[in-house]
Amino acid sequence: MIAKVLVDVKSKNVDKLYDYSIPGKYDGILQVGSRVIVPFGFRKVMGYCLEIVKDSNYDKELKDIERIIDVESYLNQELIELARVISDETGYVLISVLETILPSALKVMYKPKIEVLDLKKLNHSLKPFFKNHHERYLEEIDDDLYALVLKEIKAGVLKQNYEIKKRNKSLSKRFVQLLTKDRDKLTEKQKLVYDYLTQRKDKVDLQQIIVHHLNITSSVLKTMEKHRLVKVFNQEVMRKVETIYQKPHNDVDLNQEQKEVYNVIQNNLNKQHTILLHGVTGSGKTEIYMKAINEVIERGQTVILLVPEISLTPMMIQRFKSRFKHLVATIHSGLSKMEKYDEWRRIIRKEARIVIGARSACFAPLVNIGLMIVDESHESSYKQTDHLPYYAVDILKKRSKTHQALLLLGSATPNIESYARVSRGHYQLLELKNRALNSKMPTINLVNMVDEFKAGHTEDISRSLINAIKLRLDNNQQVILLINRRGYSNFLMCRECGHVFKCKNCDISLTYHKHTNSLKCHYCSYEEALPRVCENCGSKSIEYMGSGTQKIENDLNELFPDAKVFRMDTDTTSRKHSHEKLLHSFQEKGDILIGTQMIAKGLDFPKVTLVGILQADGNLFVPDFRAPEKTFQLIMQVSGRSGRRDTLGEVIIQAYNPEHYAVKYAYENDYHGFYEHEMRLRRIARYSPFYFLVRLDITGNSINHILTFAVQVVKDLRRELSTETIILGPSSDVKKINNKYTTSIMIKYKKEPEINHVMKKVVNKYIEKDILIRVDRFPGVG
């Protein structure tokens, strides 16, 4: 039998399958999707077996597969075909796509080793390293001798090999099983073990639990093992992914509006179909999800539920796990590499049939999928913008077609493209217009911060908001404040010369963080100490400009010294379980929660009756055609955290441009008005959904180089694409991030059947070591 193997080499020249003979000892063992070690040129590399066939078209003698890494495959045929489609659409080599799909723990390590071929001819400076060793790791040789090593390799005296090591390791623990049935002859401590194990299932438990619970030493168990009274053995266990705080599941009866929506969903299961569920915040979409998931599980099928990373709160995960127990697997950034690996294996082994996670969960290796749900489907975090760009919603559309499964997109503020597809008959629209627990939508008040400044109030928190916070604190209620900027001040500026302190690696201003008393770049993580004088003119007149979560936290502590204030941003939630602990502490004893957009979704606190939105229009004027839409969605989403029970909630929006249509329609709680206004503007500007968009990002080390390069790309695109297609760029707005410069080319088209072929042709033509072309099919998302 012949294995067609994709080797782990990221090069267009080898982006194809190579034939290898399967040794007899691996017949019937090697599976499609398994990792293997194969000889490739003068070295050995890891590869993926993507096909197994009887014959090869290669007319020379085939090399054998050296070794199988996995007896159990971590890829299925559907994911392999999906990877090929993504590779065609993006121009990325197939091995990069597979690495994106699979858990990072499955990526092997290549450790270079230097082998001596002729010790007599070896340079005397290197001989001490190989005196008692035929082979040494390269890292064991002094790096100032590397030039000499290279010279000896070229002379044929040394040879470089690679040791391939797996990153994925199974977790095993020691168990103890009771063997004896005679209790009378045991010592007192042995009787404790006997009594304990007889109460356990199969008379087995973990050794460390037995020792701790009975307050005995391991020597007691060793003695019992020696006399064959117990059996002590190692057994693999899966790493448990659990929330800290457990709550029992409570069944909730759907109201009439929810039942009508659920019945339509139920009638559309088992077929390729897309439903857009437009429900106001607090309308009970999650309860409908749970009922639909239960129906699919009872039919013997599987489910994917995507939740934005920032709203994948422990309370949501715990809610589903308390209902569906061990059937749930979770995949998100809060897990370690090995926890993700174990969750992936649980899915492969069909132990888990419901996968809940952030965008990467769209690749979950489930079979027989009956339902795919995307909660908050408008969210930009479903788009991966670094490395290989993909959009999780688009991935699920492809899988929906493969599995003939229902795709359910839920949102209180659907993106413009999704709502437009309803009017064109591509999606079916279902609506939830009322909150589930008979609570009313909060009242919304708008504060013009320009008027506040004119009245002499120059603080970040308006007088109206201060009074509203005081009222809630007096009534033992809770408050949430959103400011979508972390740190203390957005930037530092010299008042003498106007100099702004910028990152040394990026063309971005540094943010002041008070807790570390330093300036940080939020793009490349560069950090420097807080300067005492201007680096440009030497002046000491340095002004802190703008506000972030740390400054608002500081202001609140001064305004309300007795209030318990919690801050939630990436600085306070970087440690494992810190997200869960912080939210639990706020719910139990907190008064005010201040945070970035991660507090805007997925939170359900009964005592929160006031939401304040600071700098609501702060992102309106960034160079992104989706900026008004994102602003509108964020205001609407965070407003939904207020008044979710019996007490009427209030939302106070602070803005410097209150007349802007995004702020105005959010204030009026008018999604349809915003949709119609935005559609008119996009029609005029020829943006999505009236045109398909593709953006090419061209990145390199030199501005002149990338712009010259991009001009040639534009010329080629104009030759390849139709005259009706609009090609804009290259953009003169060159971005510098982490010492790399990026310019962009935007393509707008209505009909280009060969667009994939053209993109791949362009990417392949302009392969250069110091130039990277990224094809982004969903520009502006993310």
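A polar contact of 3.5 Å joins the side chains of His513 and Asp571. A polar contact is a pair of N or O atoms within 3.5 Å, one able to donate a hydrogen and the other to accept it; residues adjacent in sequence count only if both atoms are side-chain atoms. This is a predicted model, in which local features need pLDDT of at least 70, side-chain atom pairs need pLDDT 80 or more, and totals for chains, interfaces and linings use all residues. Residues are numbered from 1 along each chain, and side-chain values use heavy atoms, without hydrogens and water.

**Exercise 1.** Describe the setting of His513.

*Solution.* Begin with the element: His513 belongs to strand 24, residues 511-513 (strands are DSSP runs of E, at least two residues, numbered from the N terminus). Next, take the accessibility: at a relative accessible area of 1%, His513 is buried (under 20%, 1.4 Å probe, protein chains only). Finally, list the neighbours: leaving aside residues up to four places away in sequence, His513 touches Arg486, Gly487, Tyr488, Ser518, Lys520, His522, Gln550 and Asp571 (heavy atoms within 4.5 Å).

**Exercise 2.** Determine how strand 1 is covered and which strands it is joined to.

*Solution.* First, consider burial: 6 of the 6 residues of strand 1 (residues 2-7) are buried. Ile2, Lys4 and Leu6 form one side, and Ala3, Val5 and Val7 the other, so both faces are covered. Then examine the bridges (DSSP must find at least two for strands to pair). Strand 4, residues 43-53, runs antiparallel to strand 1 and is joined to it by 6 bridges; there, Val5 has Cys49 as its bridge partner. Strand 2, residues 17-21, is also antiparallel to strand 1, with 5 bridges, and Tyr20 is the bridge partner of Ala3.

Definitions and conventions
Helices (H or I, at least four residues) and strands (E, at least two) are DSSP runs, numbered from the N terminus. Buried means under 20% relative accessible area, exposed over 50%, partly exposed in between (1.4 Å probe, protein chains only).
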